[in-house]
Amino acid sequence: MKLVKTSYDSNDVTILLKDLTGVMVPLSAEEREKRIQSGSHYSSMLPLEKPPSKEYLDLYFRAVEHHEHEIAQMTAKLSAMLSAKSPRPVIVSLARAGIPVGVLLKRYLAEFLDCECPHYAISIIRDKGIDINAMEYIYDHEIATGHSTAADIFFVDGWTGKGAIKTQLNDAVKSLIRADKKWLGLRDDLYVLADPANITSFCGTHKDFLLPTACLNSIVSGLISRSILNEHIRVSDGDFHGAVYFADFEPQDLSRSFVDEVSACFTPVSDEQSGFEELTESGMSVVKRICGRFEIKDYLKVKPGIGETTRVLLRRVPWAVLIDERADRNDFDLRHIFTLCKEKGVRVIPYNLGSYKACGIIKELADA
């Protein structure tokens, strides 16, 4: 099986995804939305990706400059959590959003905590589960060899939306342990930079802030697509979930530059990085309020948080974008969302979003 190519350095991450480059035809957001709402699973299709406009790309560069020190501090905080639990963490980032976070953690642990640790990226898909074959690969190369134990595995992602992937991870870990006792000790903890859904204590912040990697698609994620699981492509018993490499975007690639810029801001862990603000309302509570207010029957069409809202605008067909009614329209973290809404003609509605700054709502097929 051929692994998908990536623009990340091989020392930073091993991406356990099968190469499906050239096998699939990318579909527009409109066509994908029709198929998804007709019963096809989102993971069975390859989204069409386009280079960002100059205006939008400028917003990305300003976002990196604005948040790089903050992200570096959050990385230090998460790294300290990992090293406190294991002398040799095995970082398992969830593709794609978790990969740059995993790269940063691996670099910080090596530079400041004298810990050289492996980093793998694997697929986990809502309603489909975790890539079992990828987990078996990690077991064979890290645990069966005696280098680590199941308890040394740490799952990493970029941010939380309403918590669907965390729930999927919980189920996956339980299933692995039930199937084979060799997984005893494996934890379903999820480590993220931002947790506005208020579902994990292993986070850099509970604030809904703009993680620059959420602004763009593959050009800041190693030039790989989101993970694919399609029975027609025959991801067989011995294969990993799939992905595509976007070679056409190589001149625009920013994947290494992002992790390099944040890594250059690393400083030793300090006591100031130990705490964070507490939240009182869960992400699902906010989602239920939104569904009631806007008469939305399918809660899966509600995507809260800056990262998820950005994904809706980049990959799906949005009905509207909600902006927290208390937010400043000049808030730096919202500028790219207003730009995308303007470019795509999406209306913006003020609403009390609790811990979130933004929320994307996917258009019903009947309304398209």
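The lining of the largest pocket in this predicted model is made up, by class, of 20 nonpolar, six polar and 14 charged residues. The space inside this largest pocket comes to about 780 Å³, and of the 40 residues that line the pocket, those closest to its centre are A29, L313, L314, R315 and K344. The elements that each give two or more residues to this lining are helix 1 (29-36), helix 8 (306-315), strand 12 (318-324) and helix 9 (335-344), and the largest share, five residues, comes from helix 1.

The largest cavity has a volume of about 630 Å³ and is lined by 30 residues, with Y42, I165, R226, E308 and R311 lying nearest its centre. Strand 5 (124-125), helix 5 (164-179), strand 11 (302-304) and helix 8 are the elements that give two or more residues to the lining of the largest cavity, and helix 8 provides the largest share of that lining, with four residues. When the residues of this lining are sorted by class, 14 are nonpolar, four are polar and twelve are charged.

The second largest cavity has a volume of about 110 Å³, and among the residues that line this cavity are R96, A97, W159, R311, L314 and R315. Here too helix 8 gives the largest share of the lining, three residues, while the lining as a whole divides into six nonpolar, three polar and three charged residues.

A further part of the structure to follow is strand 3, which covers residues 90-94 and is mostly covered, since five of its five residues are buried. In a regular strand the side chains alternate between the two faces of the sheet. In strand 3, V90, V92 and L94 point one way, whereas I91 and S93 point the other way, and all of these residues are buried.

Which strands pair with strand 3? One partner is strand 7 (residues 153-156), which runs parallel to strand 3 and is joined to strand 3 by four bridges, with V92 standing opposite F155 of strand 7. Another partner is strand 4 (residues 119-122), which also pairs with strand 3 in the parallel sense over four bridges, and in this pairing S93 stands opposite A121 of strand 4. Strand 3 and strand 4 also belong, together with helix 3 (residues 98-112), to a β-α-β unit that is right-handed.

Definitions and conventions:
Residues numbered from 1 in each chain as written. Predicted model: local features only at pLDDT ≥ 70, side-chain atom pairs only at ≥ 80, totals over all residues. Heavy atoms only, no water. Buried < 20%, exposed > 50% of the residue type's maximum accessible area, 1.4 Å probe, protein only. Pairing = 2+ DSSP bridges. Right-handed = clockwise from strand over helix to strand, strands pointing away. 1 Å grid on protein atoms, 1.4 Å probe; cavity = no way out; pocket = protein on both sides within 12 Å on 5 of 7 lines; lining within 4 Å. Points joined across faces, edges and corners; volume = space filled by probe spheres on them. Nonpolar A, V, L, I, M, F, W, Y, C, P; charged D, E, K, R; others polar.
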